[in-house]
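The entries follow the order in which I looked things up.

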Amino acid sequence: MLQLRYFASLRDQLDCDNEELSWQDHFSTVSDIKNHLSERNEHWQQLLSKNTILIAINQQMVNANSPVKDGDEIAFFPPVTGG
């Protein structure tokens, strides 16, 4: 089982803060998970296809090509701005 977390404006736009996703062998990278989630509908595809989305696996920042394994927590963040 994968634990998915969505934060800040991404959470608000997807109307979802967390969910569990059944582990599937074809999920070898974060990109595979993003592609799977993008198949839900056009709204999910638009938000998750942005290259500016930040990703963490088990609270460590990673990129979309990073490997995933059963039991991982994958968090998605919008870009962070400061002022």
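Which residues of helix H2 (residues 30-38) are buried? I noted first that the model is predicted. In H2, I found Val30, Ile33, Lys34, Leu37 and Ser38 to be buried. They lie on the same side of the helix, because they cover an arc of only 135 degrees around its axis.

I then looked up what these buried residues pack against. Their partners are strands S1 (2-6), S2 (18-21), S3 (54-57), S4 (60-62) and S5 (73-77), together with helix H3 (42-48).

I recorded four bridges between S1 and S2, which pair in the antiparallel sense. Arginine 5 has asparagine 18 in S2 as its bridge partner.

My search of the whole structure for salt bridges returned four. One of them joins arginine 5 to glutamate 73 at 3.2 Å, N to O. Arginine 5 belongs to S1 and glutamate 73 to S5, so this pair ties together parts that are 68 residues apart in sequence. Another joins arginine 40 to glutamate 19 at 2.6 Å, N to O. Arginine 40 is in the loop between H2 and H3 and glutamate 19 is in S2, 21 residues apart. I list glutamate 19 as buried, at 15% relative accessible area, and arginine 40 as partly exposed, at 38% relative accessibility.

Conventions: Residues are numbered from 1 along each chain as its sequence is written. This is a predicted model: local features need pLDDT of at least 70, side-chain atom pairs count only at pLDDT 80 or more; totals for chains, interfaces and linings use all residues. Side-chain values use heavy atoms; hydrogens and water are left out. Buried means under 20% relative accessible area, exposed over 50%, partly exposed in between (1.4 Å probe, protein chains only). Helices (H or I, at least four residues) and strands (E, at least two) are DSSP runs, numbered from the N terminus. The arc is that of the directions from the helix axis to the C-beta atoms. Contact means heavy atoms within 4.5 Å. Two strands pair if DSSP finds at least two bridges between them. A salt bridge is a side-chain nitrogen of Lys or Arg within 4 Å of a carboxyl oxygen of Asp or Glu.
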